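These are my notebook entries on one chain, written in the order in which I looked things up.

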Amino acid sequence: MTIFPPDPDFEALRLELARLRAARGWSYDELAARSGLARRTLIEIEQGRTIGTLKTWHALAHALNTPLEELFGTVCEGHEPSGSTVADR
């Protein structure tokens, strides 16, 4: 039997980005300047029109001084740990 992982929660990821940016009081322009990304890219990510690349999220993590694993941890919140089966529960 093939067991597929749950879908990642990209909504939580984009909301975490918005939360971190707002917590610092940064505008899109400020985050763009600190990350080297285009303002338009940041808006599209926060509004859910694009997900962004790993390189994009790496730049954001550095700009926000937040570990990448902390950012990406939001896409799996509430998921069972990998390797877990129904028999394990």
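Predicted model: local features only at pLDDT ≥ 70, side-chain atom pairs only at ≥ 80, totals over all residues.

Entry 1, a tyrosine. I looked up Y28 and found it in helix α2, where helices (H or I, at least four residues) and strands (E, at least two) are DSSP runs, numbered from the N terminus. I noted Y28 as buried because its relative accessibility is 18%; buried means under 20% relative accessible area, exposed over 50%, and partly exposed in between (1.4 Å probe, protein chains only). Leaving aside its neighbours within four places in sequence, Y28 is in contact with R21, R39, L42, I43 and E46, and contact here means heavy atoms within 4.5 Å. I also looked up the C-alpha atoms of Y28 and A38, which lie 8.9 Å from each other, the two residues being ten apart along the chain.

Residues are numbered from 1 along each chain as its sequence is written, and side-chain values use heavy atoms, with hydrogens and water left out. The average pLDDT of the chain is 89, and 90% of the residues score at least 70; pLDDT is the predictor's confidence in each residue, from 0 to 100.

I found five helices and zero strands, and of the 89 residues in the chain, 31% are buried. Looking at contacts between residues at least 6 apart in sequence, I noted that 53% of them join residues at least 24 apart.

Is E16 buried or exposed? E16 counts as buried because its relative accessible area is 13%, and its place is in helix α1 (residues 10-23). Apart from neighbours within four places in sequence, E16 is in contact with L71 and T74.

In helix α4 (residues 54-64) I listed the buried residues as T56, W57, A59, L60, A61, A63 and L64. These buried residues pack against α1, α2, α3 (39-46) and α5.

I then asked at what angle α3 and α4 pack. The angle is about 100°, with the axes 12 Å apart; axes are lines fitted to C-alpha atoms, for helices over the stretch in contact, and angles run from 0 to 180 degrees between N-to-C directions. I therefore noted α3 as roughly perpendicular to α4, since angles of 65 to 115 degrees count as such, whereas those under 35 are roughly parallel, those over 145 roughly antiparallel, and the rest oblique. On the α3 side T41, L42 and I45 meet T56, W57 and L60 of α4.

I looked up N65, which follows α4 and has its place in the loop between α4 and α5. N65 has a positive phi of about 55° although it is not a glycine. I recorded N65 as exposed because its relative accessibility is 70%.
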